[in-house]
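Have the structure open beside you as you read.

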Amino acid sequence: MKKLALHWQIVIGMVLGILFGVLMTKLNGGSQFVKDWIQPAGTIFIRLLKLIAVPLILASLIKGISDLKDISKFKRIGGRTILIYIGTTIVAIVIGLVLVNVLEPGNGITQQTIDKLTETYAGDAKIAERISEASNQKNASPLQFVVDMVPQNAIAAMSNNKLMLQVIFFSIFMGICMLLIPEKESEPLKKFFDSLNSVILKMVDVIMLGAPFAVFALLAKVVVTADDPDILLALLRYAGVVVLGLFLMIAVYMLLVAVVAKKSPLWFLKQISPAQLLAFSTSSSAATLPVTMERVEEHVGVDQEVSSFVLPVGATINMDGTSLYQAVAAVFIMQVLWPEGLTFGNQISIVLAALLASIGSAAVPGAGMVMLVIVLETVGFPADRLPIGLALIFAVDRPLDMLRTTINVTGDATVATIVAKSVGKLGKPKVKNWDDQL
């Protein structure tokens, strides 16, 4: 009997997880049972993915750059990657602004709903934490982002997944320096990283065996910790605008895949679907990165020289889904609490602020709300209304975070494919199974 494809196994796990979560909410002690006995399986899975993220970036980037033999090739790949990422992010923000201005979801929110949301969430510790974090980022110097890219200690950077840009900087620096010394001297180090890269990719295959069970656990946990259904219904119009914008971004990506990469959009989506489903379940581009790299290289056919640079950088600075959400959420909050601030100049400021915030944001759950605070403060949103504004969208932030992370990962895979096509590095897929060497 033919084995069920991985993406279908994950889909089944997701559906069963949601149904199980709903069932547990109806039983006394069911929610606690999920937290105590089901959730740990999902947590362990995410930890395993994060465990190999830094070694994978280190090995694949150094291997990819050292394989180029010529620094000018790296410069060509790097330049195109950054330009395309900036372009797709601007498109995402503009789509969000157009939709939220045309559909005006803020006009459907009553004062009663505002009062209820304020009472429920305005004093929430997580909201206070997001505001504090955004304040720290906003008060930093204009070039602090560049300073933060350069590690003081490479080992310390590798010990913290939030310092992914520092690991990328170190890996690129080492890879380039390996090109600048005689090949005979760099060969032993290159062989080490080649071997490490192969082992890490095999670890991805083995970890993915548990993906269906992990997404079952993660989705069950999301369901049992969901917020008040009445509040979710009140925010349905706002959430619908965000979701519509995210689907339009998928359409933009598929157009690029068809026109530039000359690949079937449906085929492309099928190949990267396990990474998309994991992004949805984990809400983390960084945790999904090892799977994204494996799918793009082995199943889409992107050469490792390209994917090893484009995907780690994308997981850190390319957040199209999050940027689109920034635009919709910022204008929605202003429509409800500060309509006089909705000037053309402020909306242009939202585009620039969301673009810059997406570059400096961490690829972890909840980063989108920190970015949103920065965007709102940039346009002069009244500080005393900021907690109320975040309370307006806090109830639906988690499900929307899952969706926008899926878009972020799809964007990374799309740009990797386009860049590979443009430099002649898009070949035939070479799928490797976890038990190839058994």
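In this predicted model, helix α2 (residues 30–68) and helix α10 (residues 211–224) have axes that come within 8 Å and cross at roughly 135°. Helices here are DSSP runs (H or I, at least four residues), numbered from the N terminus. Axes are lines fitted to C-alpha atoms over the stretch in contact, with angles running from 0 to 180 degrees between N-to-C directions. α2 and α10 are therefore oblique to each other; angles under 35 degrees count as roughly parallel, over 145 as roughly antiparallel, 65 to 115 as roughly perpendicular, and the rest as oblique. The crossing of α2 past α10 is left-handed (the near helix is turned anticlockwise from the far one by less than a right angle; clockwise would be right-handed).

On the α2 side, the residues that meet α10 include Val-34, Ile-38 and Phe-45, and their partners in α10 include Phe-216, Leu-218 and Val-224. Contact means heavy atoms within 4.5 Å. The residues of this contact divide into 12 nonpolar, three polar and one charged. In that scheme, Ala, Val, Leu, Ile, Met, Phe, Trp, Tyr, Cys and Pro are nonpolar, Asp, Glu, Lys and Arg are charged, and the others, Gly among them, are polar.

Next come helix α3 (residues 71–103) and helix α12 (residues 236–259), which cross in a right-handed manner. Among the residues making the contact are Ile-95 and Leu-99 of α3 together with Leu-248 and Met-249 of α12.

| Helix pair | Axes come within | Crossing angle |
|---|---|---|
| α2 and α10 | 8 Å | roughly 135° |
| α3 and α12 | 10 Å | roughly 145° |
| α13 and α14 | 9 Å | roughly 175° |

By class, the contact of α3 with α12 has 12 nonpolar, two polar and one charged residues.

Now for the pocket: which helix gives the most to the lining of the second largest pocket? That is α14, with four residues. α1 (6–26), α13 (265–282) and α14 (285–300) each supply at least two lining residues. The volume of this pocket is about 610 Å³. Of its 22 lining residues, the closest to its centre are Lys-3, Leu-6, Arg-295, His-299 and Asn-433. A pocket here is an open set of points on a 1 Å grid where a 1.4 Å probe fits, with protein on both sides within 12 Å along at least five of seven lines, and lining residues have an atom within 4 Å of a point. The volume is the space filled by probe spheres set on the points. The lining has eight nonpolar, five polar and nine charged residues.

Finally, Ile-176 sits in helix α8 (residues 164–179). Leaving aside neighbours within four places in sequence, Ile-176 is in contact with Ile-65, Ile-71 and Phe-74.

Residues are numbered from 1 along each chain as its sequence is written, and side-chain values use heavy atoms, without hydrogens or water. Because this is a predicted model, local features need pLDDT of at least 70 and side-chain atom pairs count only at pLDDT 80 or more, while totals for chains, interfaces and linings use all residues.
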